Amino acid sequence: MDKMQGKHFSITDPKGVNTVIYQVNKTEKEFLDRAPKYTVERLEHTEEIRGENNKKTFYVDEPHKDGNQLVILSFTEDRVVINSGLLLHDEVKLTKKPTPFKFNTIYSEKEMEYKDFNYTPNLKRAISIIDPETTEEIKPVLYFDEKTNEVKGKCKLKPYKSYFAFEIRDEK
């Protein structure tokens with residue numbers, strides 16, 4: 001019988017803060033020639049209201065013995081605080097060395113499609129676009145590009161609305 005193994009950890013958001021956490025995955029070597037080097041995967045979580053605070057418990061299904069790299073995004077009404085950390089054994093440690101993030105605020109007065117981005121063969125991607133008001137991820141529309149023989153995605157963005165986009169890149 002297979003045994004489900006995973007880890008979980010909790011954080012508490014004060015009123016007016018909404019934190020989401022992503023795990024950074026390194027793409028397998030055999031796919032690197034046609035896929036991004038890193039992909040991001042949003043962690044599932046549960047929430048518990050505690051007075052004016054919100055306790056969130058995040059779950060990592062397959063913890064790596066050498067740790068899982070995390071991107072911690074805390075949204076407030078007018079800004080995003082970005083931290084990176086490492087889930088190692090039963091502890092989350094915030095890193096002292098900054099992770100090379102590329103992030104943008106996207107805004108347009110017209111409805112638009114944002115960026116063709118590549119997927120790995122197991123349909124993971126290197127970029128995430130988030131609605132900062134709801135902290136929900138904008139799900140891309142997938143399509144098969146016959147010219148490049150790859151699965152790609154585009155996100156449809158609404159006019160007069162700001163979005164937060166981030167991507168993990170190699171330091172080179």
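Reader: How many aromatic pairs does a search of the whole structure find?
Author: Four aromatic pairs turn up. Rings of Phe, Tyr and Trp (its six-membered ring) pair if their centres lie within 6.5 Å; planes under 30 degrees apart count as stacked, over 60 as edge-to-face and the rest as tilted. This is a predicted model, where local features need pLDDT of at least 70 and side-chain atom pairs count only at pLDDT 80 or more, while totals for chains, interfaces and linings use all residues. Residues are numbered from 1 along each chain as its sequence is written, and side-chain values use heavy atoms, with hydrogens and water left out.

Reader: How far apart are the ring centres of Phe-9 and Phe-58?
Author: Their centres are 5.8 Å apart and the planes meet at 20 degrees, so the pair is stacked. Phe-9 belongs to strand β1 and Phe-58 to strand β5, 49 residues apart, and the pair thus links distant parts of the chain. Strands (E, at least two residues) and helices (H or I, at least four) are DSSP runs, numbered from the N terminus.

Reader: Are those two buried or exposed?
Author: Phe-9 and Phe-58 are both buried. Buried means under 20% relative accessible area, exposed over 50%, and partly exposed in between (1.4 Å probe, protein chains only).

Reader: And Phe-75 with Phe-164, which kind of pair is that?
Author: The pair is edge-to-face, because the planes stand at 90 degrees, with the ring centres 5.7 Å apart. Phe-75 lies in strand β6 and Phe-164 in strand β14, so parts that are 89 residues apart in sequence are tied together. Phe-75 and Phe-164 are both buried. Along with Tyr-22 and Phe-166, they form one aromatic cluster.

Reader: Which residues make up the largest nonpolar core?
Author: There are twelve in all, among them Val-20, Tyr-22, Val-40, Leu-73, Phe-75, Ile-130, Phe-164 and Ile-168. At least two residues of this core come from each of β2 (18-26), β3 (38-42), β6 and β14 (161-168). A second, separate core has eight residues, including Phe-9, Ile-21, Leu-43 and Ile-72. A nonpolar core is a set of buried Ala, Val, Leu, Ile, Met, Phe, Trp, Tyr and Cys residues joined through side-chain atoms within 4.5 Å.

Reader: Take Leu-73. What does Leu-73 touch?
Author: Not counting residues up to four places away in sequence, Leu-73 touches a list that includes Asn-18, Val-20, Tyr-22, Val-81, Ile-130 and Phe-166. Contact means heavy atoms within 4.5 Å. Leu-73 sits in strand β6 (residues 68-75) and is buried, at a relative accessible area of 1%.

Reader: Changing topic: what is the strand order in the open sheet of three strands?
Author: The order is β1-β5-β4, with antiparallel pairing. β1 (7-13) and β4 (44-50) are at the edges and each has a single partner strand, so one side of each is left without a neighbour in the sheet. From one strand to the next the twist averages 20 degrees. Axes are lines fitted to C-alpha atoms, for helices over the stretch in contact, and angles run from 0 to 180 degrees between N-to-C directions.

Reader: How many bridges join β4 to β5?
Author: Seven, with β5 covering residues 53-60. Asn-53 in β5 is the bridge partner of Arg-50. Two strands pair if DSSP finds at least two bridges between them.

Reader: What do β7 and β8 form?
Author: They form a hairpin with two residues between them. Four bridges join β7 (residues 80-88) to β8 (residues 91-94), and the strands run antiparallel. Leu-88 has Glu-91 as its bridge partner.

Reader: Which phi does His-89 have?
Author: His-89 has a positive phi of about 60 degrees although it is not a glycine. Most residues other than glycine have a negative phi. Thr-135 also has a positive phi, near 60 degrees.

Reader: What does the secondary structure of the protein come to?
Author: Zero helices and 14 strands.
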